[in-house]
Amino acid sequence: MRALCWNGINDLRVETVPDPKLVNPRDAILRVTMSTTCGSDLHFIDGYIPTMREGDVIGHEFIGEVMEVGHEVKRIKRGDRVVVPSFICCGNCWYCQHQLFSLCDNTHPKPELQEPLLGYHTAGIYGYTHAFGGYAGSHAQYIRVPHADVDCFVVPDGVRDEQVLFLSDAAPTGYMGADFCSIKKGDTVAVWGCGGVGLMAQISARLLGA
Amino acid sequence: MMSGERGSGIEAMSWQGIEGRAATGRVNVGDVERLGSLIAAGALALLGAGTSTPGRVLTSVTSGALLYRGVSGHCPLYQVLGLNSTGRLSAGQRAEDRDDPWHTTIHRSITIGMPSAELYERFRKPETLSRIMGHFAEVTAAEKGGLTLHVHGPLGKELNWSMEQVEARSGELLTFRSPASSMVQSEWSARFRPALGADRGSELSFSLRLTPPAGLLGRGLLKLLGAGPSVLVERLLRNFKSLVEAGEIPTTEHNPAARPTGRIAALVHHQLEA
C-alpha cells in the first residue's frame, strides 16, 4: 500500500510499505477513507519529539471502512463505516473502567521508552512516535486497529465522513478545553488559536451555553 | 515511583536508567581491556608487516579496529550485544544492574485488576508463561509440577533447562528453581496478594535470579534476544497484566513501515537505538 512516511526532520515522503495484518484476535483492518493532519504532528515533524524512526507511517485522526476483523471481534463487522479515536484503549483496565482512556494500561507495546521521561506511560497512539507506542499511522490506504470492539464507533447512514472525522481527535480535544472552563449559560468565552482544535473548542463552548 | 502515583504500574522503575545513560556516554570497554586492545593492535601490525598482501590487509583492518577500541574505549560489537566491561551502566541498564545483573535478584511488582486466586491459576500454566515471555522462551510442563524452558538461539541452536517447583501455595506463592547440576542457574518466585484499594485487584510481586552459561557470550546472546534481566522481568509482568486484563499482549509486529523488515534487521536496529 502507499503511505505517508517520516524520513527525518521536515522530510515526509509517500512510499510503498507492507499492508497491515491482523495480529491479535481483537484487531480490525480498515480501509482509510479520510485522515487529517493534527497540529501535534508538527512537533515530531519538526524534530521536537524524539523516538521517530525513518520510515514510520504517520497520522492519528481518521475514519474508514472495516475490511477484516479478528476472531474475537464481536460488535464490529466487515463493511461498517467507523471513526476511531487516536488513543488506543483496551476497555478493561482500571483507567478505561474509570473513563481515563488515554492512560490505558494495556495498549502501549514499548512503555520503557516513555516511563523514564514522564514517570508513567500513556495508552498507545497511532503514528505518533515510538515513545507513544510506535503503531503505524493513518496517512495510509489501510490501518490496523487493535481492540476494534472498544475503539471503533460505527457512523450512522446519512452522516458524511467529513462531518464525523474530527470526532477522532480535534473535537474531543476542543470539547475538553471548553469543559475545563466550567462554562455557564450566557458566559462570553475567548479561544486563543483558531486551528482545528480551537474551532472545536468554540463550538463546544457554544454547546455548553456560552 | 510510578506505583504511588498510578497504582497499576511496575514498581522499582525510576529515572536511574536515564541518569546512567547520561553518565556513561559511548565508552563501554574497561581500562584493562583497552590496554589489551592497544597491545594486540601493535602486535598485529608488526606481524602483518611480513606477510602476503591478503594477510597484510586482514591484519591491518583488525589492528585498526583494535586501535580504535583501545583509544576510544568504544566497541560496536559490545554495543550491539549490550555488553559493558567498564563497571558502569550501559544504555538501557538499570542502576541496580551496576554490579552484575546476572548475579543479582531482580524484584518487580505490578497491580492487576483480578483476584489473586485467579491470577495464580493463570500464571502457573506453562502456556501462559510461554505467551508472556514472548520471543525469549517457550515453556513446557515437566514432571512433578516442574517446567522446562526452551530458548531459541541464533542459527537454530536451542538452549533448554528445567526448573523444579519448590513451593506452591494456592492463590499466594509460586517458587521454581533450577537443579544444582543445571547449565543455567535460575530461580523465580511469584507472590500474589490483594492490592490496596477496593477496586484495584491484586498485586503480583515477581523475583528473578538468572545466570546464563558461557560467561559474557551467554549474557550477550540473551541480551540480543531482548533478555536483560530487569527488562525481561518488566516485560513479563506487563505482558501478563495485558493478557489477563485485555485478553492480548500489545504489539507492533508486522507494523507497516518504509524500512527493512526481518528479525535480524529489527534486532540490530533496536540494539543500536538503545
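Student: What makes β4(B) and β5(B) a pair?
Tutor: Two strands count as paired if DSSP finds at least two bridges between them. Five bridges join β4(B) to β5(B), so with a cut-off of two they qualify, and they run antiparallel. One of the bridges sets Ala168(B) against Leu174(B) in β5(B). The two strands also make a hairpin with three residues between them, and Gly171(B) in that turn has a positive phi of about 75°.

Tutor: Some housekeeping before we go on. This is a predicted model, where local features need pLDDT of at least 70 and side-chain atom pairs count only at pLDDT 80 or more, while totals for chains, interfaces and linings use all residues. Residues are numbered from 1 along each chain as its sequence is written, chains are lettered from A and ligands numbered from 1 in the order in which they are written, and side-chain values use heavy atoms, leaving out hydrogens and water.

Student: What makes a stretch a strand or a helix, and where do the numbers come from?
Tutor: Both are DSSP runs numbered from the N terminus: helices are H or I over at least four residues, strands are E over at least two. In chain B, β3 covers residues 147-152 and is joined to β4(B) by six bridges, again antiparallel. Val151(B) stands opposite Leu159(B) there.

Student: How many strands are in the sheet of chain B, and in what order?
Tutor: Seven, in the order β1-β7-β6-β5-β4-β3-β2, as an open sheet with antiparallel pairing. The strands at its edges are β1 (106-112) and β2 (138-141) of chain B, each pairing on one side only. On average, neighbouring strands are turned by 20° against each other, direction ignored. Within the sheet, β6(B) and β7(B) pair over ten bridges, one of which links Phe192(B) with Leu204(B).

Student: How do you know which strands helix α6(B) packs on?
Tutor: By contact, meaning heavy atoms within 4.5 Å. Helix α6 (116-123) of chain B touches β1, β4, β5, β6 and β7 of chain B, and its direction makes about 155° with that of β6(B). Those angles run from 0 to 180 degrees between N-to-C directions, with axes fitted to C-alpha atoms, for helices over the stretch in contact. Helix α9 (229-246) of chain B lies across β1 and β7, at about 15° to β1(B).

Student: Why is Glu112(A) with Arg235(B) called a salt bridge?
Tutor: The rule wants a side-chain nitrogen of Lys or Arg within 4 Å of a carboxyl oxygen of Asp or Glu. In this pair the closest N and O atoms are 3.6 Å apart, so it passes. Five salt bridges turn up across the interface of chains A and B.

Student: What else describes that interface?
Tutor: 46 residues of chain A are in contact with 32 residues of chain B. The area buried between them is about 3300 Å², with carbon and sulfur atoms giving 48%; that is the accessible area (1.4 Å probe) that two parts lose on being put together, summed over both.
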